[in-house]
Amino acid sequence: MTTPDSGAQHGTVTELDRVTIRFAGDSGDGMQLTGSQFTATTALFGNDVSTLPDYPAEIRAPAGSLPGVSGFQISFSSGDIHTPGDRPDVLVAMNPAALKVNLGDLVPGGAIIVNTDAFNDINLRKAGFAEDPLKNQSLQGYNLYEIPMSTMVAGACEGLGLSSKQVELTKNFFALGVMFWLYERSMAGTEKWIAEKFAGKDAIAEANRRALHAGYAFGETTEIFHTHYRVAAAHLPPGTYRNITGNEATALGFVMASKLAERDLFLASYPITPASDILHQLSSYKHLGIKTVQSEDEIAAIGAAVGAAYGGAMGMTTTSGPGMALKAEMLGLAVMVELPLVVVDVQRAGPSTGMPTKTEQGDLLMSMFGRNSDSPIPVIAPATPAECFTMAIEAWRIALHHMTPVVFLSDAFLATGAEPWSIPNVADLPSIKVENAPASDKPGFRPYQRDPETLARPWAVPGTPGLEHRIGGLEKLDELGTVSYDPDNHHRMNLLRAEKVARVARDIPPTEIYGDTTGDLLILGWGSTYGSIRSAVERLQSRGKRVSHAHLRYLNPLPTDLGEMLKNFKHVLMPELNAGQLRMLIRAKYLVDAVGFNLVRGKPFQIGEIEAKAESILGESVEAAK
Amino acid sequence: MTQSELPVLTKKDFESDQDVRWCPGCGDYSILAQTQKTMPTFGVAKEKIVFISGIGCSGRLPYYMNTYGFHTIHGRAATIATGLKAARPDLMVWVITGDGDALSIGGNHLIHAMRRNVDMKMIMFNNRIYGLTKGQASPTSPIGKKTKSTPLGTIETPIIPLNLVAAAEASFIARSVDTHSEHLQEMMQRAGEHSGAAFLEVLQNCNIFNDGAWRDFTDKSVKEDRMLVLKHGEPMIFGAERNKGIRLNGLQPEVVTIGENGITVADLWVHDETDPDATRTQILSRMWWPDFPVPVGVFRRVPRPTHDQLLVEQIEGAKAARAAKGPVDLQKLLASGETWTVE
Ligand SMILES: Cc1ncc(C[n+]2csc(CCOP(=O)(O)OP(=O)(O)O)c2C)c(N)n1
Ligand code: SF4
Ligand SMILES: [Mg+2]
């Protein structure tokens with residue numbers, strides 16, 4: 001365990017509450033690495049952090065081009081924060097394209113740190129600059145810091161016997177060193193990382209280390225920075241913390257669910273951005289007994305998961321929207337045969353291939369209804385990266401106790417974004433264990449005889465003597481489970497399947513409300529919009545507005561207390577990164593005139609946008625009252 | 001329960017209480033009967049046997065077996081079997097499929113189940129037609145076949161199923177005929193005894209929508225001359241007079257007559273199920289009447305570790321390697337990477 005420490009510092013220090021930095025460069029420049037190193041160190045320092053990686057779908061778009069720009073935004077603070085920041089205060093631009101793509105987002109008067117060596121004619125042309133922005137007056141409204149990073153690392157790495165191309169690759173560590181100095185961060189974590197990553201490649205390790213130190217020393221000794229900045233450690237609740245992305249938390253949540261259910265975990269998955277990392281992580285846990293299969297397609301993946309579930313394992317599959325579309329028919333089978341199953345959809349911008357690395361909340365209605373006929377499935381959604389852990393366990397708790405497939409809706413922002421996670425104590429987590437149907441020596445086993453409370457059917461696993469029976473996609477005779485075409489039986493079974501899922505609502509926590517339970521405006525959200533909504537509501541409340549926030553984790557069935565809650569507010573605003581999918585459900589179910597705020601730009605809401613929308617609703621209502 | 005303690009089961013034990021609902025005269029009845037007859041021979045407890053099917057007339061078979069059974073969705077039975085067998089290596093898994101189910105909608109899963117060597121025994125009922133949907137062309141319908149969906153005759157070249165699975169690295173490949181009950185039983189038994197992905201094509205008659213699809217060579221009166229019963233280690237001889245044989249000339253098979261032009265039995269192609277090179281399996285699979293007798297029997301049977309064995313082996317290996325470093329601590333796993341403490 002490491003305790004926060006800070007690097008030795010000289011010069012003036014400016015205290016700040018919160019800083020948002022965006023590292024931007026070519027996709028070959030290592031910006032994701034730079035960003036995650038800065039994040040790790042910053043989290044370790046004790047700040048609250050929130051990150052937003054933003055990278056192109058192409059692994060290597062043409063070097064220097066606008067589509068090839070890769071960015072990583074981190075916001076860190078001495079207080080509690082919920083989002084990676086609306087607009088960066090500092091932009092690190094490794095080439096002209098990175099400057100061009102990101103400049104518009106920078107706050108007025110913000111700082112720009114550029115690698116001047118990359119501002120040559122070719123790169124300027126590729127970025128579409130008619131003239132060098134460093135040489136005309138176009139950046140006048142900003143604090144511009146020009147550093148010849150390539151030249152500096154060339155000097156630092158002299159004598160290592162590396163090619164100039166290899167040396168050039170270390171310039172991201174130079175930039176990182178500069179930022180470490182500027183924000184009083186220690187280099188120790190990154191130095192350790194370099195040593196491990198490049199173990200056995202001494203010259204490369206040394207080059208990166210030297211680049212990092214050169215950047216740090218540059219900050220310390222040159223006079224271009226008049227000050228450096230201090231963002232004090234945040235006052236997070238007591239606990240042991242680590243930094244975690246949504247995908248990491250999801251994978252760990254499933255490992256934990258398997259432990260708490262005392263059952264084997266089986267994952268079959270077909271690679272797809274941004275879900276693949278869950279497959280990668282669970283595949284690396286062979287020593288925990290977790291079985292994974294990389295299937296031939298998404299249908300095969302969910303098929304294998306259903307097969308494993310039929311065999312008594314915790315069968316699951318992970319995917320994103322296009323794969324989710326392929327799984328529809330098999331999900332219908334899982335509904336019919338009433339087996340527990342968890343399907344993770346890490347949503348991305350669509351339709352079709354859409355923008356594979358960008359976030360969106362467009363798959364809610366597909367998860368709810370995207371199958372033939374009435375085929376109800378519980379749908380749940382984590383609100384923050386760290387919460388993916390608890391919600392992954394929740395997904396399994398519901399699936400096991402109610403014998404039903406469950407959809408877990410994450411998204412690209414949750415999946416790749418990171419935040420500090422207060423690591424739970426394993427011993428405190430409650431069991432979610434269920435039993436298989438016991439062997440029997442009496443004939444007449446009834447595979448669809450339901451639990452009177454939950455309506456779950458027994459889990460009769462092959463290998464159990466006396467329970468031999470047949471299941472399948474054809475309609476079942478109530479209780480007996482044999483094939484039936486009886487009209488009234490079909491109607492009854494349809495009602496039973498719906499009621500079984502509806503009863504999950506008895507088994508979920510009450511909806512929390514942030515702020516008063518009555519007021520002028522309730523902002524109702526779900527999924528990854530949590531941070532932006534919560535921050536906006538905090539700001540509105542601090543200005544005395546009667547605004548509250550409720551955030552749904554359980555989307556199907558909806559919590560039973562929601563209807564009453566909605567009635568206690570004059571207005572309901574529903575920000576969603578889609579065209580209004582949850583709003584459609586809420587309006588239909590509760591007949592409330594919820595107002596939508598819908599943007600699909602492949603990125604999270606900015607706090608200010610939600611704030612402004614809320615203000616406009618409140619303002620209109622004031623106008624109307626007059 | 002050890003095998004010796006198992007009660008001796010009979011065909012009757014494997015019959016479920018459900019009424020069989022195929023058209024009278026359908027070849028599926030015979031396949032079902034041979035399946036029920038074969039099951040007791042494995043010495044596997046009833047509850048350890050699972051029948052998984054796709055959709056089609058063939059897909060109904062699990063309902064008639066008094067074992068565990070799962071009638072899944074069209075084309076995907078192999079995927080469910082893959083997951084089941086991975087999760088439960090202790091079960092004996094059979095997959096029942098049709099020519100449309102396995103080769104059309106489920107074609108992708110078929111080749112991957114074979115290459116993975118999933119320990120499943122797949123029986124494909126090939127009636128060269130879509131039976132359940134009332135008579136459309138299937139991927140095995142011959143060119144020119146007139147069906148409801150191809151009123152002027154299909155213009156598509158059929159798939160040779162055994163050629164396809166040989167290319168997909170199937171470790172056990174066999175063919176039989178619905179009405180050749182003893183041979184069919186023998187093939188089922190051998191498929192069941194094989195460890196790994198077994199593919200058994202059964203030439204099945206759909207007397208309603210494609211009656212007599214195989215009659216030209218399976219009929220009792222002609223089968224001796226028009227079919228070749230493969231026997232491991234034996235020269236390929238056929239014909240009512242047992243005087244016809246197959247000679248392999250390079251990669252080209254030829255029909256020869258023993259005793260003519262100096263041909264003796266020693267010149268004939270000797271069948272080797274365990275031939276590691278699937279090329280010769282494919283040559284055999286492409287032999288077809290009227291140019292050749294149609295081969296039935298075990299085409300290929302090669303040992304290869306199964307998917308579930310390899311999966312379990314990796315897990316046990318990883319567990320052992322991890323155990324050497326001390327017990328797994330989930331608390332530590334959650335705390336992997338850098339951590340810090342807030343007091
Ligand atoms: C997704 C889907 N598409 C289409 C069907 C309709 N369908 C059912 S069986 C079948 C073809 C079956 O042909 P085959 O596999 O040869 O089986 P047979 O009935 O001949 O035994 C079709 C197209 C279906 N059930 N599901
Ligand atoms: S349609 Fe053909 S294959 Fe299907 S049951 Fe009838 S005869 Fe058999
Ligand atoms: Mg057919």
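Predicted model: local features only at pLDDT ≥ 70, side-chain atom pairs only at ≥ 80, totals over all residues.
**Stop 1**

Colour chain A and chain B separately and look at where they meet. On this boundary, 71 residues of chain A are in contact with 53 residues of chain B. The size of an interface is often given as the accessible area lost when the parts come together. Here chains A and B bury about 5,300 Å² between them, and 64% of that area is on carbon and sulfur atoms.

How many residue pairs are in polar contact between chain A and chain B? The count is 26, with both residues of each pair at pLDDT 80 or more. Now select the elements of chain A that each give at least two residues to the side touching chain B. Among them are helix 1 (31-45), helix 9 (246-261), helix 11 (298-310) and helix 13 (328-337). Strand 9 (239-245), strand 11 (291-294), strand 16 (418-422) and strand 17 (470-472) of chain A also belong to this group. Helix 11 of chain A supplies the largest share, eight residues. Coloured by class, the side of chain A that touches chain B shows 41 nonpolar, 20 polar and 10 charged residues.

**Stop 1: a salt bridge and a strand pair across the boundary**

Side chains of opposite charge can pair when their charged atoms come close. Two salt bridges are found across the interface of chain A and chain B. To see one of them, select A:Lys192 and B:Glu338, whose side chains meet with 3.7 Å from N to O.

Next, show strand 9 of chain A with strand 12 (residues 339-342) of chain B. These two strands pair in the antiparallel sense over four bridges. Which residue in strand 12 of chain B is the bridge partner of A:Gly239? Select B:Val342 to see that partner.

**Stop 2: ligand 1**

Centre the view on ligand 1, which lies between chains A and B. There are 17 residues around this ligand, and those that come nearest are B:Cys57, B:Asp99, B:Asp101, B:Gly131 and B:Leu132.

- B:Leu132: a polar backbone atom is 2.9 Å from an oxygen atom of the ligand.
- B:Asn127: an N or O atom in the side chain is 3.0 Å from an oxygen atom of the ligand.
- B:Ser58: a polar backbone atom is 3.3 Å from an oxygen atom of the ligand.

**Stop 3: ligand 2**

Move to ligand 2 and show the residues around it. These include the cysteines B:Cys23, B:Cys26, B:Cys57 and B:Cys206.

**Stop 4: a sheet in chain B**

Strand 9 (residues 244-249) pairs with strand 10 over six bridges. For a landmark within that pair, select B:Gly245, which stands opposite B:Val256 in strand 10.

**Stop 5: a salt bridge within chain A**

Over all chains, the whole structure has 46 salt bridges. Select A:Asp29 and A:Lys171 to see one of them, with the closest N and O atoms 3.2 Å apart. This pair links distant parts of the chain, the two residues being 142 residues apart. A:Asp29 is in the loop between strand 2 (18-26) and helix 1 of chain A, while A:Lys171 is in helix 6 (residues 171-182).

**Stop 6: backbone exceptions**

Most residues other than glycine have a negative phi, and most peptide bonds are trans. Select A:Met403, where phi is near 45 degrees, a positive value. A:Met403 is found in the loop between helix 15 (387-402) and strand 15 (405-411) of chain A.

Then look at the peptide bond from A:Asn556 to A:Pro557, which is cis, with omega near -5 degrees. A:Pro557 lies in the loop between strand 21 (554-556) and helix 19 (562-567) of chain A. In chain B, the peptide bond from B:Trp289 to B:Pro290 is also cis, with omega near 10 degrees. B:Pro290 lies in the loop between helix 9 (278-286) and strand 11 (294-301) of chain B.

Terms used: Residues numbered from 1 in each chain as written. Chains lettered and ligands numbered in written order. Heavy atoms only, no water. Contact = heavy atoms within 4.5 Å. Buried area = accessible area lost by both parts, 1.4 Å probe. Salt bridge = Lys/Arg side-chain N within 4 Å of Asp/Glu carboxyl O. Polar contact = N/O pair within 3.5 Å; in protein donor to acceptor, adjacent residues only side chain to side chain. Nonpolar A, V, L, I, M, F, W, Y, C, P; charged D, E, K, R; others polar. Pairing = 2+ DSSP bridges. Near = heavy atom within 4 Å.
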